[in-house]
Amino acid sequence: MRLYNTMSRSIEDFNPIVPGKVSMYCCGPTVYNYAHIGNLRTYIFEDLLRRTFRRSGYEVRHVMNITDVGHLTGDGDDGEDKMEKSARETGQSVWDIAEFYMKAFFHDEEALNIERPDIVCRATDHIADMIALIKRLEDGGHTYISGGNVYFSIDSISDYGKLARLNLDELKSGARIEVDSNKKNPKDFVLWFTNSKFKDQAMMWDSPWGRGYPGWHIECSAMSMKYLGEHFDIHCGGIDAIPVHHTNEIAQSEAATGKTWVNYWCHGEFLLMGGAKMSKSSGTFVTLPVLEKEGYDALDYRYFCLTGHYRSQLRFSYEALDAARTARKGLMERVAEAKAVSSPSSVPSAKAKEYMAAFDSEMENDLNAPKALAVLWQMMKDQEISPEDKLAAAYYMDGVLGLGLEKAGKKEESIDAEAMKLLEERAEAKKAKDWAKADEIRNKLLSMGYAVKDTPSGAVLQKV
Ligand code: AMP
Ligand code: ZN
């Protein structure tokens, strides 16, 4: 297995700490809103990484956190808590907000065939672990208290910013506007807030420094070390995490333990929309339920993501998604044709095995999914490969690609326009509290072969 390591800026051979095992931590969602499909691109990349390791014979321990406290709207301790803001805007409690969007997130992950991490840990369940880590940093002389908050002092270590290769002198002399006058160095960051800017903060805990709540970065250090130990193999996230979040995670983790924390840093590039990064703050974002409502299958989006390398930017458009849908449909049809005349061979031919090996080597070469997908297509079109072997090899490759090929031939695929129109009418009826009409439409849809499934983000149709 070869992987690009952001720390060295180069592709390296993967050498695990414990032979045959991989310990991997991925920053999870902040559950204050729906994940957009850009976020989901990053989780698809992490899913491919984990599936490829398993395919290569590694035992993987994959940990992902759920951020349900402490993530401010600005990365540099500025702005307000995203959860609190969302609660205020919707009139719900922060706890309800977290539950709701966590469910919505896992609905998206399931629809995209993203395997559930072995451990999913919520920040609010690990406050004691964070306090213990901050205490350790305090004992080591890496913190100071200012304006009531506990800060990490980046000048207490010698290599702050090594992941992002930050030039600290340049940053100091640059015209950065610093909002927090409590900080000794503008790059210092909050470990624990007690003197909150937000007086009505709902989530607060007792701590040696007073009642308050943790900063965002400390949760990932505390939870990853709890479940993977003080030194583990891989840490993943989107590239936007490099300059602040991952930089601060490294600073505090290595200051606490005095040794290297993570061996490989893997980052996924952005999904772009209209030339810019898709983001919630810019307002131009698309969610998976929106695509589903437009009649796309979640796996059309997964296929679309596979057509770009995870370290390249990928430009989202409905035209490109249409192309992915057509390609996926074509693939499903070819698998269905083979399925109609045979079942998968248990001992594939040498030629089929060659394709399988070529597929693996593309994925093991820094996850080259577009090339691996091309190998799958080439194999499906190869007239020398029998239908039995086509099935066996396609299912083998799909163990990593996760496109649901084994379901080929089952009634699914596109939902017709009339059904989508009825679904919208049902939503209108529900809004107007006309339950009888809503039920009537549900029954009509059922007679057309569609079940209505209510999800946290609205109703979707499923073929029955
Ligand atoms: P958040 O829920 O905002 O903490 O983001 C969840 C994950 O999505 C993080 O790993 C981000 O780096 C990543 N991410 C955010 N925006 C994009 C984007 N436009 N394309 C790909 N990944 C993204
Ligand atoms: Zn993190």
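**Figure 1. His 71 and the residues around it.** In this predicted model, His 71 touches Thr 30, Glu 80, Asp 81, Lys 82 and Trp 216, leaving aside residues up to four places away in sequence. Look for His 71 in the loop that runs between strand S4 (59-66) and helix H2 (82-90). Is His 71 buried or exposed? Its relative accessibility is 8%, under the 20% cut-off, so His 71 counts as buried. If you also find Ser 253, you can compare two kinds of separation: His 71 and Ser 253 are 182 residues apart in sequence, and their C-alpha atoms are 18 Å apart in space.

**Figure 2. The zinc ion (ligand 2) and its donors.** Which residues coordinate the zinc ion (ligand 2)? They are Cys 27 and Cys 220 through SG, His 245 through NE2 and Glu 249 through OE, at 2.1 to 2.4 Å. Angles among the four donor atoms run from 70 to 130°, and the site is irregular. Along the sequence, the donor residues follow the spacing C-x192-C-x24-H-x3-E. The two cysteines link distant parts of the chain, 193 residues apart: Cys 27 sits in the loop between strand S3 (21-26) and helix H1 (37-55), while Cys 220 belongs to helix H6 (residues 217-228). Both of these cysteines are buried.

**Figure 3. Ile 234 in the largest nonpolar core.** This core has 130 residues, and Phe 53, Ile 234, Tyr 301 and Leu 376 touch the most other members. Domain 1 (2-268) and domain 2 (273-407) each supply at least three residues to the core. Zoom in on Ile 234 and you will find contacts with residues including Leu 3, Phe 14, Met 24, Phe 53, Val 262 and Tyr 264. Another core, of ten residues, lies apart from this one; among its members are Leu 422, Leu 423, Tyr 450 and Leu 461.

**Figure 4. Helix H14 and its packing partners.** Helix H14 (residues 417-431) has 15 residues and reaches 21 Å from its first C-alpha to its last, close to the 21 Å expected. Its buried residues are Ala 419, Met 420, Leu 422, Leu 423, Arg 426 and Ala 429. What do the buried residues of H14 pack against? Their partners are helices H8 (288-293) and H15 (435-447), together with strands S15 (450-455) and S16 (458-463). After H14 comes Lys 433, with a positive phi near 60°.

Note on methods. Residues numbered from 1 in each chain as written. Chains lettered and ligands numbered in written order. Predicted model: local features only at pLDDT ≥ 70, side-chain atom pairs only at ≥ 80, totals over all residues. Heavy atoms only, no water. Helix = DSSP H or I, 4+ residues; strand = E, 2+ residues; numbered from the N terminus. Expected span 1.5 Å × (residues − 1). Buried < 20%, exposed > 50% of the residue type's maximum accessible area, 1.4 Å probe, protein only. Contact = heavy atoms within 4.5 Å. Donors = N, O, S within 2.8 Å, 3.2 Å for Na, K, Ca; no water. Tetrahedral: all angles 85-135°; square planar, octahedral: opposite > 155°, others 65-115°. Core = buried A, V, L, I, M, F, W, Y, C linked by side-chain atoms within 4.5 Å. Domains from an automatic or database assignment.
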